[in-house]
Amino acid sequence: GGQTIGVDGERKLEPDNILLCTGSRPFLIPGIPFDGKRVFESDSINTLKYLPKSIAITGSGIVAIEFAQIFARLGADVTLIVRDLNPARALSKIGLDKDLSAAVLADLKLKNIRTVKGAEAVEFEVPERPRPVIVKLAAPGGGPVKSGPQELRVDAFMAAVGRVPNTDDLGLQRAGIELDEYGDITVDGAMKCKGGTHSIYAAGDVVGRPFLASTGAAQAVAAVTAMFNTVGD
């Protein structure tokens, strides 16, 4: 490959292969007043400047559970808000088998993490600290929560309900690259992007679940290996 200098000093690269690792960003639930101070998503929570005495976390995936365990270990009172009435079923949706799901749920109980099932956060009051954030709950689709509190008063709130791949404004459609309904890049077994005639590969969160660092690293190794195996073809 090579490069040329275009209009306004822009560089035009002509590589033999391209590997897309543009990652993802948290999915932001409409209506939640994210401020990075008391109401967080799974990225901004890393900028937290105080240790909450209590925190409510909405979500039932790996990220939500990991942060629930982290805050519980740090001594916070943790409440996990789960849409599904059956948390084990929610865990099965992200690929955990029944034995692993049972172990995870048992660990949550062991750490005294309260789980409010069949609920979602629908309304917020966010005053300055030390006054509590008031999180009003409802059953998915409306109506009161069947078995649990109708509101929570916590020091902080976090939403961890999935991530969105960073595929916007990359010109993927012009290259004929296929995206699924969630905006994830579709790839074959060698991590080569499907669609079009090109040598473009993708790895990590940009190809979708499970959004794990270890998975992304393994995918990148597979993609680079495939690139080298096609050199000279």
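User: Which residue forms a salt bridge with Arg 38?

Analyst: This is a predicted model. The closest N and O atoms of the pair are 3.2 Å apart. That falls within the 4 Å cut-off for a salt bridge. The partner of Arg 38 is Asp 155.

User: Why does the pair of Arg 38 and Asp 155 tie together parts of the chain, and how many residues apart are they?

Analyst: Arg 38 sits in the loop between strand 4 and strand 5. Asp 155 sits in the loop between strand 11 and strand 12, so the bridge ties together two parts of the chain. Their separation in sequence is 117 residues.

User: Are Arg 38 and Asp 155 buried or exposed, and which residue is linked with them in a network of salt bridges?

Analyst: Both Arg 38 and Asp 155 are buried. A network of salt bridges links the two with one further residue.

User: What separates Glu 120 and Arg 83 in sequence?

Analyst: These two form a salt bridge, with the closest N and O atoms 2.3 Å apart. Glu 120 lies in strand 9, and Arg 83 in the loop between strand 7 and helix 2, so the pair ties together separate parts of the chain. The gap is 37 residues.

User: Arg 163 forms a salt bridge with Asp 205. Is Asp 205 buried or exposed?

Analyst: The closest N and O atoms of Arg 163 and Asp 205 are 3.8 Å apart. Arg 163 has 21% relative accessibility, so it counts as partly exposed. Buried means under 20%. Asp 205 is at 18%, so it counts as buried.

User: Which element gives the largest share of the largest nonpolar core?

Analyst: This core has 24 residues. Ile 55, Ile 57, Phe 71, Val 78 and Leu 80 touch the most other members. Elements giving two or more residues include strand 6, strand 7 and helix 3. The largest share, six residues, comes from helix 1.

User: How many residues are in the second, separate core?

Analyst: Its members include Ile 32, Val 116, Phe 124 and Val 135. The total is 16 residues.

User: Which element gives the most to the lining of the largest pocket?

Analyst: The pocket holds about 1,100 Å³ of space. Of its 33 lining residues, the closest to the centre are Ile 94, Ala 160, Val 161, Gly 162 and Arg 209. Strand 7, strand 9 and strand 13 are among the elements that each supply at least two lining residues. The most, three residues, comes from helix 1.

User: How many residues of that lining are nonpolar?

Analyst: Six of the lining residues are polar and seven are charged. The nonpolar ones number 20.

Methods
Residues are numbered from 1 along each chain as its sequence is written. This is a predicted model: local features need pLDDT of at least 70, side-chain atom pairs count only at pLDDT 80 or more; totals for chains, interfaces and linings use all residues. Side-chain values use heavy atoms; hydrogens and water are left out. On a 1 Å grid over the protein atoms alone, a cavity is a set of points where a 1.4 Å probe fits but cannot get out, and a pocket is an open set with protein on both sides within 12 Å along at least five of seven lines; lining residues have an atom within 4 Å of a point. Grid points are joined across faces, edges and corners, and a volume is the space filled by probe spheres set on the points. Helices (H or I, at least four residues) and strands (E, at least two) are DSSP runs, numbered from the N terminus. Ala, Val, Leu, Ile, Met, Phe, Trp, Tyr, Cys and Pro count as nonpolar, Asp, Glu, Lys and Arg as charged, and the others, Gly among them, as polar. A nonpolar core is a set of buried Ala, Val, Leu, Ile, Met, Phe, Trp, Tyr and Cys residues joined through side-chain atoms within 4.5 Å. Buried means under 20% relative accessible area, exposed over 50%, partly exposed in between (1.4 Å probe, protein chains only). A salt bridge is a side-chain nitrogen of Lys or Arg within 4 Å of a carboxyl oxygen of Asp or Glu.
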